[in-house]
Amino acid sequence: MNPDLVIRNARVLTCDPSRFGLGMVDRGAIAIRAGVIEWVGPDADRPGATRVVDAGGRLVTPGLVDCHTHAIFAGDRANEFAMRAAGKTYLEIAAAGGGIGATLGPTRAATDETLVALLLARLDLALAAGTTTMEIKSGYDLTVAGELRLLRCIAAAGRRPAPRIVPTLLAHLVPPERKADRSAYIIELRDQLIPQVATDKLAASVDIYCDEGAFTLAETRSILGAAKIAGLPVRGHVGQFTDLGAAELLADLAALSADHLEQITDRGIEQLASAGVVAVMLPGACVQLRLPVPPVEKLRAAGVLMAIASDLNPGSSYCEQLPLQMWLATTHYGMTVEEAWLGVTRHAAKALGLPTGGTLQADVQADLIVWACDDPATVPYRYGAASSLIESVYVGGVRCGMAVS
Ligand SMILES: [Zn+2]
């Protein structure tokens, strides 16, 4: 029986780990059946199909995977952006009522319908820029009931076929009203929230913000320990401002990823490498907060896999577009074009615990992009132009309605 669809006459960037580098198949073709890739190979060997799309020699890549976002929130913090641009410090902005706390009020006050509508609008923008899988964290309510509500709203938005959603429970901060009984709050997270999330299957992993002003290393160990007991994989925001030793802890816990890493020791890097923990680079937030660049050369030399994500959030990176992050990663972080592509495809999928995601190979979901260019470097090079560079996006072998032509 013929495949449902063959995309032919394409430069297929497979990201297939069994091929060299980006796994480019020049003059290639892809056969798809029932939403899954059945075959990838030379155009000359392509099978017949019910429907054939001629890509005209253009680039075809895996759909992009955004493995770190805080896409569910209400309100915005444009005022903080303006203050930062005018040279105000983090502490001055916090004293003026800024920071994560400024998003808690509007998010808690928003109805489910509003939160889902806001999230769907952001998902549309991400999809238009090529994101076919998006991780979304809770973390802007910080009460047990409120965090469960955010995860249910994420699940509601995830009923749409594209992009695919991977939900994460994020222990973001101790909320201002619980500062006086901090240890009781942590016990609530450990003994109520995490087990409930696991029972209701509301999140695929548990994330934590371990840094100065957020959770300590001991609190992180306790909360992530509860996640492991509940059977949930773990990951962490670590070393954005201060290295508290959380990279080493995440390596011990065989975490999926360690994210940010502006501050990390050589020992932390070695341990991430030997434990196979993906380092998630978040250049948008790094640039906006004027932080030092993570040690990309050392991570590369140690063999740590690097992913790149948007960190979409209202405070430090209000951006849905992964190709813009690829530009920042190449120009500001010193990553190569090849690293940038693997960072938003195969390595990002690994950071989400999706071992064959972000690749074009047999038996993988047919999530792919037909670009309006033929050179992989064009995507970060023409930064800000993602939507016009995308010819069409397919999720599960179905062309999404946002296509340009
Ligand atoms: Zn984040």
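Proline 163 sits in the loop between helix 5 and strand 8, with helices (H or I, at least four residues) and strands (E, at least two) taken as DSSP runs numbered from the N terminus. The peptide bond joining alanine 162 to proline 163 is cis, with omega at about -10°. That is worth a second look, since most peptide bonds are trans. This is a predicted model, so local features need pLDDT of at least 70 and side-chain atom pairs count only at pLDDT 80 or more, while totals for chains, interfaces and linings use all residues. Residues are numbered from 1 along each chain as its sequence is written, and side-chain values use heavy atoms, with hydrogens and water left out.

Proline 163 turns up again among the contacts (heavy atoms within 4.5 Å) of threonine 131. Threonine 131 belongs to strand 7, residues 131-137, and has a relative accessible area of 0%, so it is buried (under 20% relative accessible area; exposed is over 50% and partly exposed in between, with a 1.4 Å probe and protein chains only). Leaving aside residues up to four places away in sequence, threonine 131 also touches Leu64, Asp66, Ala126, Glu320 and Leu322.

Next comes the metal. The zinc ion is held by NE2 atoms of His68, His70 and His237 plus an OD atom of Asp311, at 2.0 to 2.5 Å. Donors here are N, O and S atoms within 2.8 Å of the metal (3.2 Å for Na, K and Ca); water is not among the atoms, so sites may look incomplete. Along the sequence the donor residues follow the spacing H-x1-H-x166-H-x73-D. Histidine 70 comes from the loop between strand 6 (64-66) and helix 1 (78-85), and histidine 237 from strand 10 (residues 234-238), so this pair ties together parts 167 residues apart in sequence. Histidine 70 and histidine 237 are both buried.

Histidine 70 is also one of the residues touched by histidine 172, which is in the loop between strand 8 and helix 6. Histidine 172 counts as buried because its relative accessibility is 4%. Its other contacts include Ile100, Tyr140, Tyr209 and Phe215, again not counting residues up to four places away in sequence.

Helix 6 itself has 18 residues (182-199), which at 1.5 Å a residue should span 26 Å; the end C-alpha atoms are 25 Å apart, so the two agree. The expected span is 1.5 Å times one less than the number of residues. Even so, helix 6 bends by about 35° at leucine 189, the bend being the angle between axes fitted to the seven residues ending there and the seven starting there. Leucine 189 is among the buried residues of helix 6, along with Tyr185, Ile186, Leu193, Ile194, Val197 and Ala198. These buried residues pack against helix 5 (144-157), strand 8 (164-171), strand 9 (205-210) and helix 7 (217-229). After helix 6 comes lysine 201, with a positive phi near 50°.

Positive phi shows up elsewhere too. Alanine 254, in the loop between helix 8 (246-252) and strand 11 (257-260), has a phi near 50° and counts as exposed because its relative accessibility is 54%. Histidine 260, found in strand 11, has a positive phi of about 90°, but at 2% relative accessibility this histidine counts as buried.
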